[in-house]
Amino acid sequence: DYVDLYLIHWPVSYVDKDGQRTHQKWPLSMTWGKMEELVDDGLARSIGLSNYNCQIIYDLLTYCRIKPAVNQVELHPYLRQHELTKWMYEQDIVPVAYCPIGRGDNEKQQVRVIDDPVIKELAKKYNKSEGAIVLNWGLSQNHVIIPRSSKIERLKENFESSDFTMSEEDVEKINK
């Protein structure tokens, strides 16, 4: 009868018509007002954002009745977005990390996060997979993480990322 969390995926409006995607000039204030109505009507328990920056969120906070619960952004050791996440915590908006292990298919990324020498070193030290080390790093940053996988062994590794705690020194190695 309701969804727990409903997000605006992207800070740009598009309309698909006859296979063509066209940009629409539609203010966030109107969209957010409709999102708030979903909460008022009991159709969504919480509402949030995805891929929004500080400037747009700050503007939203000047007029919204219901503050965004989360902002889902790409977060991993190669894309820490420290200033954005710090500011979001100050506003009581939870960062949700998508692609928390990084993008393995990114041509511009010379080294995948899980292939980084520091990650490999820590995987051996903690006897965990490289993916579990990177996810544990995300948890150490107090991010909500949403890894995805269709492989059972990877899903198991994802769950194992929360059953250990890296030392502050090791987390700092990753941060650097």
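Good morning. The chain has seven helices and seven strands. Those are DSSP runs, numbered from the N terminus: helices are H or I with at least four residues, strands are E with at least two. From the N terminus on, the order is β-β-β-α-β-α-β-α-β-α-α-β-α-α.

A word on the ground rules. This is a predicted model, where local features need pLDDT of at least 70, side-chain atom pairs count only at pLDDT 80 or more, and totals for chains, interfaces and linings use all residues. Residues are numbered from 1 along each chain as its sequence is written, and side-chain values use heavy atoms, with hydrogens and water left out.

Confidence next. pLDDT is the predictor's confidence in each residue, from 0 to 100. The chain's mean is 91, and 96% of its residues reach 70 or more. Strand β2, residues 13–17, is lowest, at a mean of 80. Strand β4, residues 44–50, is highest, at 98.

Now the overall picture. The C-alpha atoms fill a box of roughly 50 × 40 × 35 Å, taken along the principal axes. The chain has 176 residues, and 35% of them count as buried. Buried means under 20% relative accessible area, exposed means over 50%, and partly exposed is in between, with a 1.4 Å probe and protein chains only. Contact means heavy atoms within 4.5 Å. Take the contacts between residues at least 6 apart in sequence: 62% join residues at least 24 apart.

Let's go to helices α4 and α5. Two packed helices are described by the angle between their axes and the distance between the axes. Here the axes come within 8 Å and cross at roughly 100°. Axes are lines fitted to C-alpha atoms, for helices over the stretch in contact, and angles run from 0 to 180 degrees between N-to-C directions. So α4 is roughly perpendicular to α5. On that scale, under 35 degrees is roughly parallel, over 145 roughly antiparallel, 65 to 115 roughly perpendicular, and the rest oblique.

Which residues meet? From α4 come Ile-119, Lys-120, Leu-122, Ala-123 and Tyr-126; from α5, Glu-130, Ile-133 and Val-134. By class, that contact has six nonpolar residues, no polar ones and two charged ones. Nonpolar covers Ala, Val, Leu, Ile, Met, Phe, Trp, Tyr, Cys and Pro; charged covers Asp, Glu, Lys and Arg; the others, Gly among them, are polar.

Between these helices, in the loop, sits Asn-127. Its phi is positive, about 55°, although it is not a glycine. Asn-127 is exposed, at 69% relative accessibility. Asn-51, in the loop between β4 and α2, also has a positive phi, near 70°. Asn-51 is buried, at 18%.

How many aromatic pairs does a search of the whole structure find? One. Tyr-126 and Phe-164 form it, tilted, 5.6 Å centre to centre and 35° between the planes. Tyr-126 is in α4 and Phe-164 in the loop between α6 and α7, so the pair ties together parts 38 residues apart in sequence. Rings of Phe, Tyr and Trp (its six-membered ring) pair if their centres lie within 6.5 Å; planes under 30 degrees apart are stacked, over 60 edge-to-face, the rest tilted. Phe-164 is buried, at 14%.

Last stop: His-143, in the loop between α5 and β7. Buried or exposed? Buried, at 6% relative accessible area. Beyond its neighbours within four places in sequence, it is in contact with residues including Leu-75, Tyr-89 and Trp-137. His-143 and His-76 are 67 residues apart in sequence, yet 9.9 Å apart in space, C-alpha to C-alpha. Thank you.
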